[in-house]
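Welcome! Take a moment to look over the chains and the ligand, and then let us walk through them together.

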Amino acid sequence: MSLKSVALLGSLTILGGISAVYFHYNQEPRRNFQIGFLPVTCHLTCPVTHFINEQMHGEGTYDPRRFNGFPEMKEAFISKDLHATFIIAPLAMKMREQGVPIKIVHLGHRDGTALMVHKDSPIRTIKDLQGKKIAIPSYYSNQHLILYRTFQREGVRYDKNLLIETPPPEMPVNLATKQVDAIIAGEPLMAKTEMDGYGRVLFLSKDVWPNFISCVLAVREDVIRERRFEVQDLVDGIARSGKWIDEDKDTTMSHRMQAADIAAKKQYFNQKPELIRYVLSKPPDRVKYTNLKVRRADFEEIAALGVAAGIFNGTVTFDDYADTSFIPEGREIDAWKWELKQ
Amino acid sequence: MKSAGPTPRNDLPLRHTVPNGLAVSLRDLRMTFPGQRGQPPVEVIAGIDLDVHVGEFVVLVGPSGCGKSTVLNILGGFQQASGGQIVVGGQPVHGPDPRRIFVFQENGVFPWLNVVDNIGFGLSKHSRAEREQLIAHYVEMVGLKGFEKAYPRELSGGMRQRVELARALAANPEIIWMDEPFGALDYLTRLKMRSDLVRIWQSERKTIVFVTHDIDEAVQLADRVVVLTPRPAKIAAIVPIDLPRPRDMDAPDYLHARDRIFEAMGNLALARGR
Amino acid sequence: MSLAQPRSTPTWLALLLPLTVAVIFIGIWHVAVSWTQSLIFPRPWEVVEGMLELATKGVLHKYIISSLFRVLWSFAIAALLGVPFGLLLGWWRPANLAFNPILQLLRPISPIAWIPLSILWFGLSEAAPMFLIFLSSFFPITLSSMAAVRNIQPVYLRAASNFGLGRFRLFTAVILPATLPQILTGLRIALGIAWLVVVAAEMVVVNPKAGGLGYLINDSRSAGRYDLVVAGMVLIGVIGLILDLLIRQLEKFDEVRWAYATQ
Ligand SMILES: Nc1ncnc2c1ncn2[C@@H]1O[C@H](COP(=O)(O)OP(=O)(O)O)[C@@H](O)[C@H]1O
Ligand SMILES: [Mg+2]
């Protein structure tokens, strides 16, 4: 056989065969409502809502899409491939400032961030952080702003150059190998360093900034306009999940354990269930899922801090970036009536 | 030896219908290469007048670098002369022409084709049966039987030149230009190639203009030897070789012709001293 | 044929030497991890266990297929566009003058630098990682095809023009076969690069259900499963080797063998 026929037949056979197998495995159609999330407990309601929806109705209304870092997530959101996403609040506000038409419709959680140092580190107090290299998820994150706020209160000099933007999933290794002196991001990545035996908590967000918000659910404006019903359904579901997770927080914590088992699954966080269980229970107020309505005062504090830290120029207001109409003041949502079958 | 050889081809129309019987007619051929990077222009050919008759075997000899290849390239239409009148086949030359095939100094056989496909390269207009018959004919004529499916990289240098010659012959040209085709071969192979070329020329009766720097080669092959001067090339002498072929290299007439060429090249002393 | 046989090494030695090196390498790996008591870096055996775990979960072959799907299609499209484009640039000077500067400008940009744009343009579809793989192989394919035309021995073009070939036959009977060996070498190098880029390309979020070997590495890294990170690396190496061996088979054909060194 000639080179021509071998090359032609060979490549057609290989391409055809690979394609056939590929499409055989991936014939599930992509759902037309994509939500971005990161494997952090700040976004826990995303997998929980998706899973419970699937269990109750046979199929979810949307597809959760996991990201490793915020830059890719932001780009996918801008490219309109994501309809909604869990995202750090200041980044959503910044995108709005830059003219990307999105709205914050719900909070993801409260608290649930920790600052970790290496267990051998001499850093014992917040004051010791002066002049130290700290990994943050993004300049446009509340982890950045919580540092800014705490440093001001404790009289620590703030130096932006010592803050290193790092995808949260990479932070544990960076701490283990001592490439940075401290890391700050959402759980359970911080607790992982503790469980793996090289991290130590310097502070939990709840202790320096009670009711701290790091992540919110943001939705594209065109999606809100054209698919309001689905967005409402999504927001209700997220709210229900939050309520459900925290329903027995101070008693058996059964729902928290169920939520941990759901989130640990391969298609969601792909993490060890024990790790998420740990974060959700030790202590139980390490991260909270109640009180998730979008409120003006919370965001105006964030906005003011952001302007002071130099990440916002102060041109957008609460009414530009927030949409409180899905769960207005006075409307209360009930928890799911659902239990995970063991 | 049963080298009765293939029968001569009578089937092909002879297109040698030039009015004055001249295959080539050069008048005051001149060539000057423009100087490169500030160098002065290089004059390579300084006025050549030459006629080649249809069916004639003419050999150009001259020292290396005198401009032999340049003359042949101009005749073949690969280079444009800077001056003079160049008439080939009764018409001015405008470029390469399949009626005149070039056999290149650096072997021009296509390495991606086997022997048969190389020889048939110029026969795309023939029917399949005709093509096969012509190929078989020339494979035999140049002595490549048994190597039909071989690729050039599997052949010796001499065999590759045979393929190129066969490819030229198969296209049934009026003229074949040959630029030192045996230059890269070893001595014995070269001798064999020369005698085969003479045999083939006798059976095909093509006009051949052949370039070499080897005087023995010239004397063995040519009807007339055109001796060129060193660069810029002019005609130093034209030496007719009126000896029967195959030529006896020890015959006095042969040696005499050789001496005349050496003399024309200004190297008689060298020739005598041998 | 008068090829001098190179002094041949006995087969057992040709097998034994690389095996010894591999065993020593794995041994050093194992001892190094044990000594440093690394909590993070996996031992060789853990990597094998990781692979077995993926295989039993049924995702290993799925990931391999996904990566192959992306790489082979992107490569095929790059070849289909790059070879004719390169030949055109090599043959037609105005095209060369027009396009060569921009090609030379785009060529040194790493596919990783294209990640943000590819997500902006193609979002979460398969097109985003495939675009990156396409880019990584399109430039070497185009440039080697272009160089192939420039490197054609002038004597072949002169012979062709002597036989009075028309444009079409000149292309099919001379230019294409004369450039084929160098085009093939270019394709082989480009396939290697395309496969090399799979990890970076799959850093762009790919559909987690389809996955991929690059995705496996990025994802396992997030999850802190460094045994699976190394498993992904090993698999990428092995499959890359197999791809190279396959495409190398094409270099043995008579149509192109003339251009490669005959040993
Ligand atoms: N394209 C060119 N430009 C400039 N000089 C050339 C060119 N081609 C040939 N020459 C020069 O012309 C002279 C004659 O070359 P050529 O005809 O190849 O000689 P030969 O008699 O050895 O075949 C040489 O000195 C060579 O350097
Ligand atoms: Mg010459």
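Helices are DSSP runs of H or I with at least four residues, numbered from the N terminus. The buried residues of α1(B) are Lys68(B), Thr70(B), Val71(B), Leu72(B), Asn73(B), Ile74(B), Leu75(B) and Gly76(B). Just after the helix, Gly77(B) has a positive phi of about 90°.

A word on what you are looking at: this is a predicted model, in which local features need pLDDT of at least 70 and side-chain atom pairs count only at pLDDT 80 or more, while totals for chains, interfaces and linings use all residues. Residues are numbered from 1 along each chain as its sequence is written, chains are lettered from A and ligands numbered from 1 in the order in which they are written, and side-chain values use heavy atoms, leaving out hydrogens and water.

Oxygen atoms of the ligand lie 3.0 Å from a polar backbone atom of Gly67(B) and 2.8 Å from one of Lys68(B). At Arg231(B), an N or O atom of the side chain is 2.6 Å from a ligand oxygen. The protein covers 65% of the 560 Å² of accessible area that ligand 1 has on its own (Shrake-Rupley method, 1.4 Å probe).

Elsewhere in chain B, Gln161(B) sits in helix α4 (residues 157–170). At 6% relative accessibility, Gln161(B) counts as buried. Its contacts (heavy atoms within 4.5 Å), leaving aside neighbours within four places in sequence, are Val103(B), Phe104(B), Gln105(B), Asn107(B), Pro181(B) and Met193(B).

Finally, step back to the largest nonpolar core, which has 292 residues. Such a core is a set of buried Ala, Val, Leu, Ile, Met, Phe, Trp, Tyr and Cys residues joined through side-chain atoms within 4.5 Å. Ile87(A), Leu115(A), Phe299(A) and Val174(C) have the most contacts inside this core. Its largest share, 16 residues, comes from helix α3 (residues 60–91) of chain C.

Key:
Polar contact = N/O pair within 3.5 Å; in protein donor to acceptor, adjacent residues only side chain to side chain. Buried < 20%, exposed > 50% of the residue type's maximum accessible area, 1.4 Å probe, protein only. Helix = DSSP H or I, 4+ residues; strand = E, 2+ residues; numbered from the N terminus.
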